[in-house]
Amino acid sequence: MELNRRTVIAGAAAAGLAATALGGTAQASTGGKPVKELFGTLADGTKVHRWSLQNGGTRLKVLSYGGIVQSLEIPDRHGRYANVSLGYADLAAYVAGTTYFGATIGRYGNRIAKGRFTLDGTTYQLSVNDGVNSLHGGAKGFNTKVWDVEPFTSGSDVGLHLYYTSADGEMGYPGTLRTKVTFTLNRHGDWRIDYEATTDRPTVVNLTNHTYYNLAGEGSGSIYDHELWLAAGRYTPTDAGLIPTGELARTAGTPFDFTRTKPIGRDIRTGHPQLVTAKGYDHNFVLDKGVTARPEHVVTLRDPGSGRTLKIFTDQPGVQFYSGNFLDGTLVGRSGRTYRQGDGLALETQHFPDSPNEPSFPSTVLRPGRTYRTTTIHTFEA
């Protein structure tokens with residue numbers, strides 16, 4: 001897989017200085033060891049740390065709580081930096097929040113209908129936290145856990161290994177699941193996520209990351225003028241509870257067609273029944289490539305104003321595109337600005353929602369003796 005080097009970003013890193021989105025300057029780094037600092041303390045006394053990574057002109061801040069990406073800074077076409085991920089300034093907001101800003105999601109990303117599935121003849125009842133459904137692993141999913149973090153440097157790469165063991169029965173899921181998530185920044189500033197998991201009993205697994213992007217800068221306003229390309233000729237329509245109906249509908253001739261690049265806001269208010277139900281885009285896009293042995297380019301997101309461009313490569317069969325429909329102006333972000341509908345979007349690489357209950361969807365079953373592995377790579381240009 002050929003990943004293009006970002007000439008503007010590399011130039012910013014070499015120059016060593018770049019303006020932030022909200023004014024001021026910050027030192028750009030081409031590498032170095034991860035830096036650890038205390039971010040806060042939970043009610044039970046558990047300390048939460050923030051780890052800072054810098055490489056190739058990209059800056060990433062990750063919390064041990066929830067494996068959360070608190071900040072992702074990249075430069076624009078002029079070398080000016082902005083944090084392009086939505087998030088909070090303090091730990092209390094993350095603990096109280098329900099938006100999954102930047103979180104590592106598990107055991108199962110997205111929704112499972114009625115919080116229930118049957119595996120090998122046994123029916124399991126999960127934690128229900130989204131109406132009658134289970135969402136993102138339940139009320140106390142991986143986004144609420146404190147992960148063990150191990151920093152590393154490998155050649156020109158810098159990164160973090162995050163570890164969490166989910167006990168048998170946690171949130172209703174069978175099997176003890178040992179999970180490892182690795183965040184890596186390479187010398188080009190590409191951000192790679194590698195997920196691994198093993199189990200001692202048959203279970204279902206669907207890990208992902210829930211970063212909300214605004215390439216103009218967090219707190220800067222709507223993403224409706226961002227231009228999106230998705231390599232997906234089909235999507236999975238949903239019922240009123242946002243559970244897939246089982247249909248793989250064609251995107252051609254509908255507002256869901258992003259096979260040719262277009263602004264996100266162009267068709268979002270067309271009145272299509274699926275957009276009305278979800279209050280915008282909150283749908284799984286069926287990638288044309290299917291499940292692949294190596295990550296392939298499936299998404300390009302560009303902010304015309306800044307020139308910042310995100311490309312996503314994955315080996316997964318789907319991407320959940322969520323257009324920030326439920327941001328309602330009551331949340332205050334890290335910049336001190338409120339988040340309103342459409343102020344950020346998520347692009348979650350994944351297996352399809354409700355796969356454990358839909359035989360026609362790619363399986364999410366993991367069995368003892370096998371290792372769940374998946375990789376997603378984010379590249380940045382300007």
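## Basis of the values

Because the model is predicted, local features need pLDDT of at least 70 and side-chain atom pairs count only at pLDDT 80 or more, whereas totals for chains, interfaces and linings use all residues. Residues are numbered from 1 along each chain as its sequence is written, and side-chain values use heavy atoms, with hydrogens and water left out.

## Cavities found

Two cavities of 30 Å³ or more are found when the whole structure is searched, a cavity being a set of points, on a 1 Å grid over the protein atoms alone, where a 1.4 Å probe fits but cannot get out. Grid points are joined across faces, edges and corners, and a volume is the space filled by probe spheres set on the points.

## The largest cavity

The largest cavity, with a volume of about 70 Å³, has a lining (residues with an atom within 4 Å of a point) that includes Ile193, Tyr195, Asn209, Glu348 and His378. At least two lining residues come from each of β16 (191–199), β18 (208–210), β30 (345–350) and β32 (372–381), strands being DSSP runs (E, at least two residues) numbered from the N terminus; β30 provides the largest share, three residues.

By class, this lining of the largest cavity holds four nonpolar, six polar and one charged residue, where Ala, Val, Leu, Ile, Met, Phe, Trp, Tyr, Cys and Pro count as nonpolar, Asp, Glu, Lys and Arg as charged, and the others, Gly among them, as polar.

## The second largest cavity

The second largest cavity contains about 40 Å³ of space, and among its lining residues are Asn110, Arg111, Leu242, Asp282, His283 and Pro353. Strand β24 (residues 282–286) gives the most to this lining, with three residues, and the lining of the second largest cavity comprises three nonpolar, six polar and two charged residues.

Notes
1 Å grid on protein atoms, 1.4 Å probe; cavity = no way out; pocket = protein on both sides within 12 Å on 5 of 7 lines; lining within 4 Å. Helix = DSSP H or I, 4+ residues; strand = E, 2+ residues; numbered from the N terminus.
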